[in-house]
Structures are given as C-alpha cells and as structure tokens.
Amino acid sequence: MIPGLHVESGPEAVVVAADRPLRALSSAVLRGGLVEARGIVNLHVERGACCEDPDALLEAYARGRGLAGPWVGLLTGARTQDATIGEESAEGFHAVAIVTVGLSNRMAAGRAPMARWTVSTINTIVLVEGDPEPAALVNLALTVTEVKVLALIEAGFRDADDMLVTGTSTDAVIVAATGRGPRARFGGPVSALGWTVARAARRALEAGIRGWRERNP
C-alpha cells in the first residue's frame with residue numbers, strides 16, 4: 001500500500017482515506033472531474049434502488065464515517081465486500097487498483113441503446129504514488145478502460161445478443177495521485193506510469209471478474 005493512504009472495504013462501501021490531499025480525475029457522481037480529494041467513497045446501493053439525490057447520500061455517508069473532506073463519491077450495485085486489489089511498482093511509481101465488479105448489466109459501448117441511469121457496476125479506483133500532469137491523468141483513465149475491456153474480452157463475456165461486451169452501462173473510474181515521487185507527462189500503456197497502472201488494474205480486474213463468475217455460475 002502507498003504510505004499515507006488507507007483503504008477499507010466492507011458490505012457498505014470501499015473507502016480510501018488520505019492523510020494529505022490527492023489530485024483526482026474521475027467520472028464520479030460526487031465531485032467528478034479534476035479535483036483535490038482527501039476521501040474516496042464507493043458506496044453500495046441495492047440493485048434497482050432509486051437514488052434521487054446521490055450527492056446527498058454520499059456526503060451523508062462520508063460525514064457519518066468521519067471521513068476528512070473533500071470527497072469524491074461513486075455508487076455501485078456490486079458487492080463492495082468483494083472488492084479486489086492489484087498493485088505494481090516500476091521506475092519510482094507505485095500503483096494500487098481497487099475494483100468492485102458486477103456483470104449482470106453488461107453491454108457494448110457504441111452498440112447498446114440508450115437506457116435509464118442505474119448505479120455503476122464496475123468501479124475502478126486507482127491510487128498512484130507519483131506526480132502526473134493533468135493530461136497524464138486523462139491518459140491513465142483511458143489506459144485503465146482499455147485494460148477493463150481486454151479483461152472482459154479475454155474472459156469471454158457476452159451480452160444477450162451473444163456479442164462481446166466492453167463493460168456495463170454505468171462503469172466509473174477514478175485515478176488519484178499523491179503528487180510525490182517522479183513526475184509524469186504521459187500515462188499511456190507503454191509509459192512507465194501507464195505500464196505500472198495497467199498492471200495493477202489488470203490484476204484487480206481479473207480477480208474481480210473471476211470472483212463474480214464464481215458467485216454467479
């Protein structure tokens with residue numbers, strides 16, 4: 001684990017607490033975009049639940065936990081107690097990926113029709129010991145998404161029409177960096193930082209996909 005970062009997973013949520021602010025880029029429902037964050041919450045909600053005010057729900061949970069703000073928050077119908085973790089280090093960078101996986105709502109981007117919003121199902125949190133530029137954080141989010149798609153294809157998952165899938169309809173990703181250690185301009189899959197993150201994400205995603213399949217034979 002990265003010094004100064006604390007990760008906890010249980011039936012209610014996956015929670016990351018940072019001793020110092022992180023620079024985070026995300027598609028999160030609460031404070032998505034490029035922000036500073038002391039806490040990251042991936043909150044479990046029951047499938048089919050109607051979350052009319054997800055921001056208030058996430059903020060209430062973070063406050064109730066005494067989690068130092070500001071926060072970034074996700075919602076998921078996946079079992080947060082089954083979150084999987086992958087780690088990798090290279091050339092002064094260290095990456096930790098924490099993934100929650102549910103695959104009952106799988107689809108393919110660019111082929112699936114528009115649908116009503118539901119809670120996110122494959123949520124990926126990546127923590128980085130390093131100092132990437134904002135553009136490198138965008139690169140990393142793309143790299144992690146590519147890893148997710150490859151892991152699903154290699155696992156052979158298909159949709160109701162027996163076509164290959166790219167994820168679920170509302171997947172989300174967070175990449176958060178400490179700002180310590182080597183600087184990085186790029187985060188693509190063959191850069192030192194991108195390679196490190198991709199390896200950590202692959203380990204977490206493969207374990208999460210395998211676990212979901214075992215629980216849903």
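Student: Leaving aside its neighbours within four places in sequence, which residues is Val175 in contact with?

Tutor: Please keep in mind that this is a predicted model. Beyond its sequence neighbours within four places, Val175 is in contact with Arg23, Ala24, Leu25, Val126, Val128, Leu137, Leu140 and Ala141.

Student: Which residues touch the most other members of the largest nonpolar core?

Tutor: The general idea is that nonpolar side chains tend to be buried together in soluble globular proteins. Here the largest nonpolar core has 32 residues, and Leu103, Val175 and Val197 touch the most other members. At least two residues of this core come from each of strand S6 (93–100), strand S8 (123–129), helix H2 (134–155), strand S11 (172–177) and helix H3 (192–215). The most is given by H3, with nine residues. There is also a second, separate core of 21 residues, which includes Ile2, Val14, Val16 and Ile40.

Student: How do strands S2 and S3 run, parallel or antiparallel?

Tutor: Strand S2 (residues 13–26) and strand S3 (residues 33–44) run antiparallel, joined by ten bridges. As an example, Leu22 has Ala37 in S3 as its bridge partner. Six residues lie between the strands of this hairpin, and Arg31 there takes a positive phi near 60 degrees.

Student: How does S3 run relative to strand S4, parallel or antiparallel?

Tutor: S3 and strand S4 (residues 71–76) run parallel, with six bridges between them. In this pairing, Asn42 stands opposite Leu74 in S4.

Student: Where is Thr80 found, and what does its side chain reach?

Tutor: Thr80 is found in the loop between S4 and strand S5 (84–90). Because its relative accessibility is 0%, Thr80 counts as buried. Its side chain reaches the backbone oxygen of Gly10 at 2.6 Å. Not counting residues up to four places away in sequence, Thr80 touches several residues, among them Ser9, Pro11, Asn42, His44 and Thr100.

Technical notes: Residues numbered from 1 in each chain as written. Predicted model: local features only at pLDDT ≥ 70, side-chain atom pairs only at ≥ 80, totals over all residues. Heavy atoms only, no water. Core = buried A, V, L, I, M, F, W, Y, C linked by side-chain atoms within 4.5 Å. Buried < 20%, exposed > 50% of the residue type's maximum accessible area, 1.4 Å probe, protein only. Helix = DSSP H or I, 4+ residues; strand = E, 2+ residues; numbered from the N terminus. Contact = heavy atoms within 4.5 Å. Pairing = 2+ DSSP bridges. Polar contact = N/O pair within 3.5 Å; in protein donor to acceptor, adjacent residues only side chain to side chain.
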